[in-house]
Amino acid sequence: MNIREESLRRLASGMPVDVLVIGGGVNGVAVLRDLALNDVPAVLLDRADFCKGASGASSRMAHGGLRYLENREFKLVAESTRERNLLLKYAPHVTSPLEIAVPLTNLLGGLTGSIRRFLGFSSKDTRLSAAALQGALFLYELLGRVEKVLPSHDITLSKSRFPAALSSRYKALIRYYDARICNPEALVLEMLEGALASSRNAACLNHITWSQGIDGGITVVDPAKGNAYTLRPKLIVNAAGAWVDAVNADLGLSTAYIRPVKGAHLLLRHDALFERMAGRAFYFDDGTGRMVISYPLDGTVLLGTTEIPVGDPDDNIVAPSEIEYLTQAISRLFDDITVTEDHIVAVTSGIRPLQAGGHESANRANRDHLIAEDTLPRGGISVLSLVGGKWTTFRAFSEQATDRVLQRLSRHRKVDTRRRFYPGADQLAAVRVRLKARADIPSDRADVLVRRYGALAGAVADFCSGGTDAPLGSLPDHTRREIVWLIEQRAALFLDDLILRRMQVVAEGRCTPAAVGELGRILAETRGKDEEWMRAQVSFCLGLQTVIFAPAPAREVRHA
């Protein structure tokens, strides 16, 4: 389904709009999906692209929040571990178990400090001990017993069983399990597709402008088409993440719900480090008591994260000090591996929309989510602001928001999302078998499509077979019509939409200037744009500070 064109058609036809969702990150999109499944007419709007904010700059993990136990956030950890387990069960096309190795320098040292932090008597970071971590993991796995799918943790004190050349200062190694989200952006986009497929009264638009009129109506303008629409929702859900307070201000409300905290990740192309990690994550002390995580993606290694309070939610610049901090931390993990800035192929920076107030240290700030309710001065419409939240808990958070909406609209829930397969996981095994049996698709190409699109690979393959197709010169494992499908069906209006949020070439370390140019030309031709527009888009993307465009030829994708 062409989600943008279909949404415009529905709005032009005068579809009813009971709920307006503002914000196209994972929480807002999950709310739209839940509302659509429960037959509530709803529209989602984003002034930028879907999944562009913190949702597109995450650690790409579904985790229970082990370190949140020190803040005694037991309810959040129980919810997060349950939601992690549900994602592994009902979104297996984009999630996979992730073994996490925690090397430790202390067996008992630091236990007192951990106990003092747990009891609230201290906020000082101290090095984690094996005894403290084992105790925390027993509780972590107890809280995560609902829908349990992962193995229990184990510990080894024998250095002969440590990974090769692990720093000699380590005395113990504990392994436990969380999950990796292989393609978070794709999950967001398929939830949008699923929402529109579930209800004729669901719509979503990216790259629009909106404003509130004197009478309380919301005027939506689509710059791409020049069309304008007036919406009169009965309720608004503000899911703008770090921009919640800014959106409320645009609606005439004065709120201070958000504490913006910047988190940076680095993507490294380092063959020795990639091989040494052997598909595992390493969660390790940076030398001061603060923990850092790193794990292999598909050809690159992700490293993060920093936590820096900021005043501006648009402050997404990764400072040299953040890069230095992370590269120095990872260089202390193995005795024979050093990481420098030369290994960086991309950086991501997102603003976490934490709850305002709480502990002065961002590292110990409240990570739970809440729903704040206000009434607009014009029109008397209720506004539900989604405050906090993280990737792992998006389904639970959206369920809570939808339940509040249903209550306000005097409606009842018809569909539960807890044990519902995501579109890309629905009948996945059968789709794989049918695709590999097709005579017009080589077996290895079928595997690639299923890995990228899950159960939606059949629709992509049908589109690719519907016209003359050929591999890209710069990315031969992609084809031209596959890129056109991403542009048309998944609403990529600009080149950075395509490169950063419809494809995984940056995460794979394969985004070369040649690839940017070739993708830019396909986008311009598909969108009916001229040469000047295309050149401006290519120039903009090549100037992005978040991507280092390697001149080297595209490498083979290696799956961790």
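In the predicted model, Phe-334 is buried, with a relative accessible area of 2%; buried means under 20% relative accessible area, computed with a 1.4 Å probe on protein chains only. Phe-282 likewise counts as buried, at 0% relative accessibility. Residues are numbered from 1 along each chain as its sequence is written. Because the model is predicted, local features need pLDDT of at least 70 and side-chain atom pairs count only at pLDDT 80 or more, while totals for chains, interfaces and linings use all residues, and side-chain values use heavy atoms, without hydrogens and water.

A search of the whole structure finds six aromatic pairs, in which the ring centres of Phe, Tyr or Trp (its six-membered ring) lie within 6.5 Å. In one of them, the rings of Tyr-140 and Tyr-176 have their centres 6.0 Å apart and their planes at 90°, so the pair is edge-to-face (planes over 60 degrees apart). Both Tyr-140 and Tyr-176 are buried. The rings of Phe-282 and Phe-334 are also edge-to-face, with centres 5.5 Å apart and planes at 75°. The charged end of Arg-276 sits over the ring of Phe-334, 5.3 Å from its centre; this requires CZ of Arg, or NZ of Lys, within 6 Å of the ring centre and within 35 degrees of the ring normal.

Trp-391, Phe-394 and Tyr-422 form one aromatic cluster. Asn-27 is buried, with a relative accessible area of 14%.

Technical notes. Buried means under 20% relative accessible area, exposed over 50%, partly exposed in between (1.4 Å probe, protein chains only). Rings of Phe, Tyr and Trp (its six-membered ring) pair if their centres lie within 6.5 Å; planes under 30 degrees apart count as stacked, over 60 as edge-to-face and the rest as tilted.
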